[in-house]
Amino acid sequence: MFKTHEILSSKVPLVFTNLLDWECKSWSIEEWKKTLGESNDKYPFRKGCNKCSEEPIWETNCETSSLTVSEFFENFNKSFEIDNTWLYFDYKHLSTWFSEVFKDINWSCVGFPERGAEDSTLWIGTEGAHTPCHFDSYGCNIVAQLYGKKVWLLFDPLESNSLSPTRVPYEESSVYSDINFACTCHPFPDIKNARCVILQPGDILYVPKHWWHYVENVTSAISVNTWIPV
């Protein structure tokens, strides 16, 4: 087990393997579907389309699809193949949406035993679902990959000027880049201090404060994270 100061003292991203002992890291899709519920309750999924554009696909401009858990998981591994779109149940606080399901989640393996499901956020998305490049202004980020693969492009804070920062859309806790990393049709700036990580089930990623990151599902994927105020 790590101590809190050992993680927070790192100025670069870290990836940990073979630390995660949560039962849900080995669940099948059927187990996820059963655990999250097979009721007729509708949940909001952000819907986007993989199309080439100079401007990022801002989260506030996406459509919202209301689906049951069963309806979503029916297309979990084939949404992109059907109509080139993706679905994302993102930024969902476990304490609000599934408070009874993930009580055993605990971040003690990376030095934060006081943080559990009530301090964690769920991300479930199909292939291609992504978050525009940004940095979190208030602290660091710790992510546990539970299903599928997710790519993280990480950029040193020293590269901020090259990443064309913008406050549109405005969010108090995030600063975005005006560059659309989901599209390769446009030239990218000359960035030297960058890292690329593809998270596999069971991996844990530590993102230091003010590190920029663009995140995209390589496959349909599920992850949980916690933000640590610094």
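Where is the place of Tyr-91? Tyr-91 sits in strand β4. Strands here are DSSP runs of E with at least two residues, helices are runs of H or I with at least four, and both are numbered from the N terminus. Before going on, two notes on the source. This is a predicted model, where local features need pLDDT of at least 70 and side-chain atom pairs count only at pLDDT 80 or more, while totals for chains, interfaces and linings use all residues. Residues are numbered from 1 along each chain as its sequence is written, and side-chain values use heavy atoms, with hydrogens and water left out.

Back to Tyr-91. Its phi is near 60°, a positive value in a residue other than glycine. Most residues other than glycine have a negative phi, and most peptide bonds are trans. Tyr-91 has a relative accessible area of 29%, so it is partly exposed; buried means under 20%, exposed over 50%, and partly exposed in between, with a 1.4 Å probe and protein chains only. Ser-164, in the loop between β10 and β11, also has a positive phi, near 50°. Ser-164 is partly exposed, at 32% relative accessibility. As for peptide bonds, the one from Val-168 to Pro-169 is cis, with omega near 0°. Pro-169 belongs to strand β11, residues 165-171.

Next, the pocket. The largest pocket has a volume of about 210 Å³. The search uses a 1 Å grid over the protein atoms alone: a pocket is an open set of points with protein on both sides within 12 Å along at least five of seven lines, a cavity is a set of points where a 1.4 Å probe fits but cannot get out, and lining residues have an atom within 4 Å of a point. Points are joined across faces, edges and corners, and a volume is the space filled by probe spheres set on the points. By class, the lining has 8 nonpolar, 8 polar and 3 charged residues. In this scheme Ala, Val, Leu, Ile, Met, Phe, Trp, Tyr, Cys and Pro are nonpolar, Asp, Glu, Lys and Arg are charged, and the others, Gly among them, are polar.

Now the sheet. β4 is part of an open sheet of 8 strands, in the order β1-β14-β9-β16-β7-β4-β2-β3, with antiparallel pairing. Two strands pair if DSSP finds at least two bridges between them. β1 (14-16) and β3 (63-67) are at the edges with a single partner strand each, so one side of each has no neighbour in the sheet. On average, neighbouring strands of the sheet are turned by 25° against each other, direction ignored. Between β2 (residues 43-49) and β4, which run antiparallel, there are 4 bridges. Across from Leu-87 in β4 stands Lys-47.

What about β10? It is largely enclosed by the rest of the structure, because 5 of its 6 residues are buried. β10 pairs with β13 (residues 194-199) in the antiparallel sense over 6 bridges, and Phe-155 has Ala-194 in β13 as its bridge partner. A further 6 bridges join β10 to β15, again antiparallel; here Val-151 is partnered by Glu-216.

Leaving aside neighbours within four places in sequence, Gly-139 is in contact, meaning heavy atoms within 4.5 Å, with Lys-209, His-210, Ile-228, Pro-229 and Val-230.

Last, the cavity. How many cavities of 30 Å³ or more does a search of the whole structure find? It finds 1. The largest cavity has a volume of about 60 Å³. Its lining includes Leu-36, Tyr-43, Phe-45 and Ile-124. Helix α3 (69-74) and β2 each give two or more residues to that lining, with the largest share, 3 residues, coming from α3. By class, the lining has 9 nonpolar residues, no polar and no charged ones.

Conventions. Axes fitted to C-alpha atoms, helices over the stretch in contact; angles between N-to-C directions.
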